[in-house]
Amino acid sequence: MSRPYYKSWIAPLLFVWALCLLTTQVGAADEPLAELEEQAIKAAVERVAPSVVRIETVGGLERVGELLVGTGPTTGLVVDSEGYIISSAFNFAQKPDSILVTLPSGKRQAAQLVSTDRSRLLVLLKVEADEPLTPAEAAPQSEVRVGQWAIAVGRTFEAERPNASVGIISAKDRIWSKSLQTDAKISPNNYGGPLVDIRGRVLGVLVPMSPQETEEVAGVEWYDSGIGFAVPLETVLRNLPRMKEGKDLHTGLLGVSFKASDLNAKVAEIAVAAPTGPAFKAGFRKGDRIVEVAGQAVERHAQLKHAMGPLYAGENVRVVALRGDERIDREVTLAEKIDPYVTPFLGILPMRPVGKAEDADAKGIAIRYVYPDSPAAKAGLQAGDRVQSIAGAKVTTAADLREQLQPLTPDESVALEALRGDQTLLVNATLATLPESVPGELPPAHDSAALAAADVAKPATGLVPIKLPEFENACQALVPDDFRADVPHGLVIWLHAPGGSKDEELVALWKPLCEKYDFILLAPKSADATRWQPTELGFVRRAADAVAKTYSIDPTRIAVHGHQAGATMAYLFGVTNIDLVRAVAAVDSPLPRLSQLPQPDPVNRQAFYTTLATKSEQSAAVEAGIERLRALKYPVVVQGVGEQARYLTAEELDGLMRWLDSLDRI
Amino acid sequence: MNLAAIQRLLALSLLAFAAVDVRAASVAEVIDTTQPKMVKIYGAGGFNRLEAYQSGFLISAEGHIATAWSYVLDTDYITVTLNDGRRFEAKLLGADPRLELAVLKIEATELPFFDLNAAATAESGTRVLAFSNLFGVATGDEPASVQHGVVAVKTQLDARRGVFETPYRGSVYVLDAMTNNPGAAGGALINQRGELVAMLGKELRSAQNNIWLNYALPIEELRGSVSQILEGKFRPTDEEPKLKPDEAIDLAALGLVLVPDVLERTPPYVDLVRGGSAAAMAGLRPDDLIVFVGENLVHSCQGFRDELAHIERNSTLKLVLMRGQELVEVEVPAAEGDRP
């Protein structure tokens, strides 16, 4: 601790000291240190000033996402004498029609956008300058110490004079090892400009950034807040040749995901290796434990993000993983994007075991229902058949079967072994995609003999209050009277429309459905009956967890269903709780404008159900939401409700419940 | 910004951290001699999120106070609390709405004060301390809050039209500290030697990039009006500064037709140049993109019309056009506008 601290101060202090000795009009004896520092700061700004240019843009969008984008002048940094200028992508997020750069002589020159670095949010511009340009000098990253002076320089207020803000380096290797952090005031007034050291050498290029988000405008809300970021100029210069070729740079992806969303989770064990991703293609599989990336030891998930952060798509990286005792050491070419995962569909519903079903292994997975025209139907499978193995692997539970199918792609052919009575069937099925329609009447999911035999304790049923002392919201669960702990139930989280919901109506509508389909209804209420607040998502989650603690819940059939504003909440709840929610059923509300929708996750599958009224004000927005979900390859069931928006009829609601009952489809 | 601004009120931590004791000691001395010159001002407001307080500083031993001209002073009952906690009723001697400056007077003697004639100037990088009662956090004999930062740049607020909504048209110091908060207007900005540099301005947001601007008015801009007010000679001009000419240039007079203005920000492309018109004589062509009118960048058809509205009809119009990838400067001669 003491040594870096000492080092961090010694360089600037020495410099100030040197300044005292060198500058003739300054005598060390009669000038206080603070004034010498002030002079050093001014000298640093002056030194970098010739490389800092003013940029003006014409035309373009007024808004980028939710943010009103300004049209003021912005800043750029000259990086070589041929007229290449680097700037923050924020300044160009509105896609301007023209870019004008004011050269040191005061002459304005049109500039071309050469390429964009989407990982570090930079743009490279080129001007045909007929005057010499002064490229900025980079400060060596190895010398940068937390605590040293850092001066942010822009050229937005005056064309003739740069504007400066003074702070220190607050941290290194921020935003997954992509940037320096400073407490100098960073804002649109200096985005694109340099962060310089006390000698005027460039530490980095100022950009708004956020560790969670990746758009050009991410992190802008932190302007002038004592937290700002700069991409090291050394890195920029290293990537300059590629950018000069006009190639956009993208974050490099491995195409793997991990169980824990907790960044401190210990081992980076691959939960999913997307079959479309480079890691899978290089031979890495689910369950492999990544121990090294790009020469850096990886123990926790966050370390992996740091090792991966600086890498670009197209770059090769050495990845080492352990599979049991086997060490798998491969070179992986990182991808720019991973094609969305599409869940393969065999076309069956499994029977649900009662209790632990200890002898299930012997008999395999009993088929409850075969979807008409599905791969299973075409292969000749029938309800009552028992699936024994798939692609040569023995399967005993529905979860096994799902797991074996997971890495396969729709259209792939797979060999199945099944039992019909005593007869063994060997069939080949060509997989398909999940259906986007409500199934017809379904046969019972449980063996009636098994149900009759068991004698189990029953927890409280009927309308049960769910008490969460830390929240003021009321919440109830509707548990069917015939609920029993050895029959896991589905869970529907019902988010009411503005105006709340009445208990008697709720019970009258839902009790028969819950009994018929083995579901528990959870009905949290908004604190203010007239509206939901996004902050109440946490309460809904806690309520769902509380129900799952008391009652046995089937994790494959947990859905959130909402009407109007409740449906908006349902979407938000669904996409922010992918570990819990398997389906979102929205009535009369479009998909909210989320900046980022999660990619479909092979483990945490999600499906969507939405109503569509042809002549409602919302219909265009609803359709846009459907399109957005389908573009990501999520299955979406669209229930037409005629011209005007309304809630579901009894028949449609029964259909919705059938669909939810079929969520454990394979 | 406001909540965070309170947190940023850590005054001198960085300075004390950055430099050795020499600095801390000299800063402490400067602050000690400055605080007795600061006052807290209370007046009208207190509703609709309009604070009923602001800051000021003494400019004479007899109780003259410089502060910002604002609604707070728009009452017969202005009170001033000195650094030592003494309270006085204050009289409004005069105000210059153009500078957003007001001078108050309290009945007191032998007060410490800033001599406006001894005020200093600053430039980009000059380290400064800002004294104010931001958010009204200090009461009675609590001293004003001190913030530190540097002058980011000295600039003109009106350099780009429509960016800042303020009647002030002179130069300002832009600061890299979060100084311009509720209650801070009228506070003092001093340099490291304790010399008065500027008076803190009001809260102001740039219409151009939506960013709050922290700025202070240089004393040399205020000095003239202050002494006129003190001498009782100040005559506020009733008329608003003239912003637009009676008869301005318009597109028809130039013989210029722009592309249909369909978007919120339609780029000002030339659609048609009428034969024999001033625009034709200047060499404008269809598909030219107008980028500058004089020194002002125009972003849209509407922006171009707004610029024209500020230019006298019988004057020469300087335009910068983008033709392909080339920038072309043209001068459009004064047109005697025969309207179609």
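Reader: What domains is chain A divided into?
Author: Chain A has domain 1 (48-129 + 136-244), domain 2 (256-333), domain 3 (344-433) and domain 4 (458-661). The bounds come from an automatic or database domain assignment. This is a predicted model: local features need pLDDT of at least 70, side-chain atom pairs count only at pLDDT 80 or more, and totals for chains, interfaces and linings use all residues. Residues are numbered from 1 along each chain as its sequence is written, while chains are lettered from A and ligands numbered from 1 in the order written.

Reader: What separates the centres of domains 1 and 2 of chain A?
Author: 32 Å, taken over C-alpha atoms.

Reader: How many residues does each give to the contact?
Author: Domain 1 of chain A gives six and domain 2 of chain A gives five. Contact means C-beta atoms, placed from the backbone, within 7 Å.

Reader: Which helix gives the most on the domain 1 side?
Author: Helix α3 (174-177) of chain A, with three residues. Helices (H or I, at least four residues) and strands (E, at least two) are DSSP runs, numbered from the N terminus.

Reader: New topic. How many residues of chain B are in contact with chain A?
Author: 34 residues of chain B, in contact with 40 of chain A. Three elements of chain B give two or more residues to that side: α3 (21-34), β8 (145-156) and β17. β8(B) gives the most, with four residues.

Reader: Which residues of α7 (301-308) in chain B are buried?
Author: B:C301, B:G303, B:F304 and B:E307. Buried means 20 or more other C-beta atoms within 10 Å of the residue's own.

Reader: Why are they on the same side of α7(B)?
Author: Because they cover an arc of only 160 degrees around the axis. The arc uses directions from the helix axis to the C-beta atoms.

Reader: What do they pack against?
Author: β15 (256-258), β17 (289-293) and β18 (296-297) of chain B.

Conventions
Buried ≥ 20, exposed ≤ 12 C-beta atoms within 10 Å, placed from the backbone. Contact = placed C-beta atoms within 7 Å.
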